[in-house]
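Please read it alongside the structure shown below.

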Amino acid sequence: MKHSKRAVVIGASMAGLLAARALSYTFTNVIVIDRDVLPDSSVARRSVPQGKHLHGLLARGLNSLNELFPGFEDEMMAAGAARGDIQADIHWYVDGYLMKPVPSGLIGIASSRPLLELKVRERVAALPGVEIIQNCDVLDLRTTGERGRVTGVGIMSRTDGAAATTIEADLVVDAGGRGSRSPVWLEELGYQRPQETKVAMDITYSTRMYRREPQDLDGRLGTGISTYPGSPHGGFLLAVEADQFILSVGGMFGEQPPMDDEGLAAYAETLPCKDIADFLRTSTRLTEPVKTRCPASIRRHYEKLTDFPAGYLVTGDALCSFNPVYGQGMTVAALEALLLRDLLAAGPKDLARRFFHGAAKLVDTPWTIATGSDMRFPEANISISHKNRLLNRYFGRVYLAASRDSAVATVFLRVINLVDTPARLFAPGMVARVVRACFPKVSRVSETTLVGGS
Ligand SMILES: Cc1cc2nc3c(=O)[nH]c(=O)nc-3n(C[C@H](O)[C@H](O)[C@H](O)COP(=O)(O)OP(=O)(O)OC[C@H]3O[C@@H](n4cnc5c(N)ncnc54)[C@H](O)[C@@H]3O)c2cc1C
C-alpha cells in the first residue's frame, strides 16, 4: 500500500536509481536529485568517472534487476548487451588457475556501465510519481528544530542565477557514492560519524575500447585474470554492445598500468595467462586510454550508531564501497534496494535501525570475499588471524581444484556471484572434491594443463 508521502534520493547513479525503484512501491512521490546533467544516450558522465571502466554485473545482480524491472534482461539484449554462461563463455583465471570452462547455468549479461545505467534510469523515470532532477546539488539536510528527524534537503540548481531552496520529504536516502557527505552532515547536526573500516589496495585501472571480431577469444565473451600475491596486476576483457570489447587492466598497491599501446602489450605479457596479450596483437583500439585510481575498500558502520535521525538512510557505495575487481558494487546496491522495498512493505517504524542492520548482513559476505582476498597481499600490511590464514589456504586449494573439477568451479563461481553462500564451499561433499582434485599438486597456468579438458 502506498503512503501519501514523498521520498528524496541523493544521487541518480545505480544505487540511487535502485533505491528510487524500491521507494516507488510505497511512496506516492519519489524525487531523485543528481548534480550531473544526465545523458540521454549511453555515455559516461562527469561524477561517475568509473563508468568509463569495465563493469561486470554479478549473476545475483542481474536476478535482482530482473525482479525490480521485469523484462530488464531482454531490454538490455535488445540494446546490444551480450548474454552468456558465466562459466563457459568467460575464462576466469583465479590465482593463475583457469576455472574449468563448462556450461553452468549461471547466466550473465555483458554491457558497458553507461548502457546499464541508462536502461535502469529509463525504467525509473517512467515510474508513476518518480521525478529525476538533474544538474542540481544537494547542499545539506533539513531537520526538525529538536534535531530528531530529517525533514528534507537543501538544494541548489547548477543553472545560472539559481538560489538555494528546500525540498521537504518524509524520507531522505543518501546514494551519493564514495564521496557521500553523510558523515559530515551528521556531525554538523550533532550526531556521531559512523566508524569506518578501510582495507587499502590502491588499485589503478587503465581502460580502452577495442573492435570485437568474431574470432577474438574464440568467440567467448571475455577473459578475467585476477591479481594475487606475487602477481599484483590483472586484467579483464569483456564483450559489450556495438561489437566492442572493453579492456581494463589494473595494478594494485600503487603499481601503474601503462597508458601507451606498447607498454600495455608488454604489461599483458606479464599476466599469468596470455589471452589478453594474444588479443592485443591483432586488435584495433577504438578509444584513448583512461585511468582511475581507487585507494581502498571502505565500509561505514551506520549499523553501530545508537543515535541516528529518523527519516534518513544511506545506501550503495556511500555505505560500503568495495575493491572494484570483485564486481560487487552494483549488485550490493540492488540487494539493498530489495531490502528497502521489503522493509517498507512491513511498515516505516524504526526504519533506519532495521535497514542498517539488514544492509550490514548483506554486505558481510561480499566484504569478506573482497577484503579476505586483498589481505593476503603483504603490501596490505594487515596481520591476518589464524582462522583467516587457514581459510586462505583452503581457498588456494579451491582455485586449484576448480581448474580440474568443473563442479568445484561452478560452486566457486556461484559463491562469488553472490548466488550461493560461502557455506556451500565448506559442505563435506565439496571439501572432499576439493581435496581429491588437488592431487597430484601441480601448478598454475604457466606450467600446465589449465585450458579445456573434461
Ligand atoms: C574503477 C571501478 C570499477 C568498478 N567496477 C565495478 C564492476 O565491475 N561491477 C560492479 O558491480 N561495480 C563496480 N564498481 C562499483 C560501482 O561503480 C558502484 O558500486 C555503483 O556505481 C554504485 O555506486 P553508487 O550509486 O552508490 O555511487 P556512484 O556511482 O558513485 O554515484 C553517486 C551519484 O551521486 C551523485 N551525487 C553525489 N553527491 C551529490 C550531491 N551532494 N548532490 C547531487 N548529486 C550528488 C553523483 O553525481 C553520482 O551520480 C566499480 C567502481 C570503480 C571505481
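From which domains does the shell around the ligand draw at least three residues each? They are domain 1 (3-47 + 56-78 + 114-194 + 300-369) and domain 2 (82-112 + 197-294). This is a predicted model, in which local features need pLDDT of at least 70 and side-chain atom pairs count only at pLDDT 80 or more, while totals for chains, interfaces and linings use all residues. Residues are numbered from 1 along each chain as its sequence is written.

**Ligand shell.** There are 38 residues around the ligand, and G11, S13, G177, G316 and G329 come nearest. Two or more residues each are given to this shell by α1 (14-24), β8 (136-143), β16 (290-301) and α8 (329-345). Of these elements, α8 provides the largest share, four residues. A residue is near a molecule if its C-beta atom, placed from the backbone, lies within 6 Å of it. Helices (H or I, at least four residues) and strands (E, at least two) are DSSP runs, numbered from the N terminus. By class, the shell has 15 nonpolar, 16 polar and seven charged residues. Here Ala, Val, Leu, Ile, Met, Phe, Trp, Tyr, Cys and Pro count as nonpolar, Asp, Glu, Lys and Arg as charged, and the others, Gly among them, as polar.

**Domains.** Besides domain 1 and domain 2, the assignment gives domain 3 (385-437); the bounds come from an automatic or database domain assignment. The centres of domain 1 and domain 2, taken over C-alpha atoms, are separated by 30 Å. Their contact (C-beta atoms, placed from the backbone, within 7 Å) takes 14 residues from domain 1 and 17 residues from domain 2. On the domain 1 side, α2 (59-68), α3 (72-78) and α4 (113-125) give two or more residues each. That side has ten nonpolar, three polar and one charged residues.

**Sheets.** Two strands pair if DSSP finds at least two bridges between them. Another open sheet has eight strands in the order β5-β4-β13-β14-β15-β12-β16-β18, with mixed pairing. Its edge strands are β5 (97-98) and β18 (320-321).

| Strand | Partner | Bridges |
|---|---|---|
| β8 | β9 (residues 150-157) | seven bridges |
| β14 (residues 233-240) | β15 (residues 244-251) | eight bridges |

R142 stands opposite G152 in β9, and F236 stands opposite S248 in β15.

Definitions and conventions
Contact = placed C-beta atoms within 7 Å.
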